[in-house]
Each structure stands twice: as structure tokens, then as C-alpha cells.
Amino acid sequence: QQIAKVLIATGLASRDAVVRCAAAEGLRYANDAAAGKALLGLLVKEKDPTVRLVATRSMVGLPEAVRRNLLPQLVAGDPSVRLVVPRLLQGPADSKIAAQLLASNDAQLSREVLRNASQILDNAALRSAMGSADARTRALAAQLLGERRDAASRDTLLAALSDTDGDVRAASAEGLGALIKGAKSPDPKIVAALVGVVKNEAGDYVGVKTGDKPADPATAVVTDKNSRAKAVAALVGLDNKDAVLAVRDALQDSNADVLAAALSAFQVSKLGDQRTRLNAIMADAKMPARVRQAAALAVWYSGMNIHPAAGEMPPVDPLAKPAAAKADAKADDGKEAKKELTEQDMVDKTLDAMVGLLNDTNESVKTAAAVGLIGLGDDRGNKVLRDQIRSKNLEVRREAARLLATLPAERIAKLKGLKKEERDPVGLLFKDLYS
């Protein structure tokens, strides 16, 4: 108690911010009303943000009764004081205060509540926050509703897909995706709405096709590719024709986030023969490494899982034997038409594109290309993958081991030249990583 009195009388009154911080930190262990009152007084008059943060943290550590007695005074304080209240709200008993602050007209305070006290808010309070005039508040509320997978919030999130703010639309699309992921029968209304987002966000403006100009550019909602990416990610893996076609169409996008989301579908969905587009992505040096990596893996995944996209395209085997040459193309206006690629031409072109990635400057891209080639039965990836597995860089070795683990056991054994009785893929991976 004597030490606490010294901290209050001398430490908190010091002109040195470092001393005030130390004194505020020490009062955290005083565990009495006097310490709480002193910290409250410090918050009211303090201008230094670091000191205020330390004082707030110390108040959180006060006994429950002391902390709760301070809350009404903090709530009644000026806006800068009220901003610390969400950090002090801890249990169900504080939920009414949290809801009160969330419903205030102070947008910054509402966001602080959602960031620091959302765990004590019920879903009804979050749905109410979706009506806030502040876009960032709406986006945070949508994100939290999605994380909770609250089915009762479906209509609220569906309505938010038409929000004027891109972050709100993106968070709502992601939240709706959480509601249908893993469902045996995904809600058709949600699927249709997400397919609509993928289509609407494809152009320059929502609801306007690429190349067209909106009637009123000043009020048009600018396309937000993040919304499209979240919607595509939500549709990946669904056994629904419209969802599959929407994901396939997204492969034509030039946005990296949209492409990364769409490319992930090759491992679980049937998108048909997309090798021409995948080749173009792999060859585009301007594409981020994560996208080129995903494209290389997609070639391999489609090689194992090549089927008609939503029942409309013929199956194609990337490693099929040369197809019979087609009849000579007819001349057009006296000029010979461009000859179509045979199946073997396409196979060679695709594999060559992957081989080209073996010299990429990005290690993850090299690893993905090597694993993809090996998975498709092409030994040209062997040396690179062996080098990656033995790399002195632990991150490179981990990525190589992660992708290596996705290969069939016989491929791993062949890569290492092991006899049948020596094949233990799991043991080999641990040996590669840590020996």
C-alpha cells in the first residue's frame, strides 16, 4: 500500500512520460479502489498515447469489482476517454455497455468495440451494426457474423452484397461462403447471390459489362476485385453447375487475388481443359509468384482430375498420346487459316511452360513446377526438387516437403531411388526436413 501511494503521489505526477508509464504499470498490482481512481484520473488528463495505453492495460488487471465501478465514469467521459472502454470489457456482465457503445454515433468508438469486445456481443447486436453509416463498422460486423457462421444472419449478409463499399461486400461474400462451406446442400439463394457477385464485379463498374460506360459514373459503384475474389473462394468446391462455371469464368480475370482464388479450385473441382489459360499465367512474369505457383500446381491437379466442367466440355488427358492430326484447315479469303494445335502440341507446350518455371527466381514457383512435373510423370522436375529438399534455407525445405507429401508414394520412392521395402514417405519427409 505504501508503494502504491508513492506511485500515485510521485510517479503519476512526474513530467517524464517514461516514469508515468512505469508508475501506471506498477499500480496494476495494487488491487484496490485507490489505484483504480488514480488510473482513471491519469486517463482523463493524459495526452501521451503510450501512457494512456499502459494505464488502460493496468485497469484491465484490476479486481472485477474495482474495474466495473470505474466503467460508468469512463463511459461518461470525453470521447478520447470512452475509446479505452472497449479494452476494459471482459465478460457477459459488460455486454450491455458494449452494445450501448456499439450503437453510439461515434464511428471510431463502434469500431473499437468490434475489435476489442466482440466476444461479448450477441449476433443481434452485430446485425444492428450492419446498419451503421460508417463503412468500416459495417465491414467489421460482416466479418464477425461470417466467422460465427450464424445462419440467422443470412439475409443481412445477402443484403450487404449490394453495399456501396467494397470492403463490406467482400466481408459479406466471405461470411456467406462460411455459411455454405461443408454443407451437403448449399443454400441456393446464397450460391446464386455469390455467382452474381462474380459476374457483376468482373467489369469496371458493378452491373456494367467490361468496355461499357455507366450511365452516371458519379454514382456508379466501382468494381472491387476483392469482393470478386472472396465470392470465387466461397464458390470453390461446391457441387453446383453455376458455381463451377462462375469459378471457371474467373480464370480470365487479370487480378491476382481473383486468380489465386480460382486456381485453388483445380484440386477439388472439374473445370475442364484450361491449359491455354494456365500456360499464359505461368508465362506472365508480371504475375505474383503465388499465382504462377498456383497455376503450375493446377496443371498437375487437372491432370489427375480432368473431367468436363459442369457437364459441358469433353475430358482431356494432359499426358495423352498424340491425337490424330485434324484435316487441313480451310483457306479464308485466299489465306491459309492458322492450324490448330494437336493434343500432343498442347501437352508439349504445357509441359515446356512448367519446365520454364524450374529456372524461376522465386523458390516456391520452382518447387511447385518441379512437383507438378513429377506428379505428371515428367522426370525433368526431379533434380530441382532434390535440390529444394536439401536446401540450406529451412523455409524452402519446408515448402518442398509440403508439396512432396502430396505426391503418390511411388513417385516419392522413385525420386529417391528407393527399393519397395524402404518406402516410408512420412519418415522420409521428417528426415528431409530435420536431418
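Visitor: What is the accessible surface of the protein, and what percentage of that surface belongs to carbon and sulfur atoms? After that, please look closely at the packing of α21 and α23.

Guide: This is a predicted model, in which local features need pLDDT of at least 70 and side-chain atom pairs count only at pLDDT 80 or more, while totals for chains, interfaces and linings use all residues. Residues are numbered from 1 along each chain as its sequence is written, and side-chain values use heavy atoms, with hydrogens and water left out.

The accessible surface of the protein comes to about 22600 Å², and 52% of that area belongs to carbon and sulfur atoms; areas come from the Shrake-Rupley method with a 1.4 Å probe, and for residues only the protein chains shown count as cover. Of the 435 residues in the protein, 46% are buried, where buried means under 20% relative accessible area, exposed over 50%, and partly exposed in between (1.4 Å probe, protein chains only). There are 25 helices and zero strands, both being DSSP runs numbered from the N terminus (helices H or I, at least four residues; strands E, at least two).

Turning to the pair you asked about, helix α21 (residues 363–375) packs against helix α23 (residues 394–404) at an angle of about 25°, with 10 Å between their axes; axes are lines fitted to C-alpha atoms, for helices over the stretch in contact, and angles run from 0 to 180 degrees between N-to-C directions. The two helices are therefore roughly parallel to each other, a term for angles under 35 degrees, whereas over 145 counts as roughly antiparallel, 65 to 115 as roughly perpendicular and the rest as oblique. Their crossing is right-handed, meaning that the near helix is turned clockwise from the far one by less than a right angle. The contact (heavy atoms within 4.5 Å) is made by E363, S364, T367, A368 and V371 on α21, together with V396, E399, A400, L403 and L404 on α23.

V291 lies in α19 and is buried, with a relative accessible area of 0%; leaving aside neighbours within four places in sequence, V291 is in contact with A256, L259, L263 and I281.
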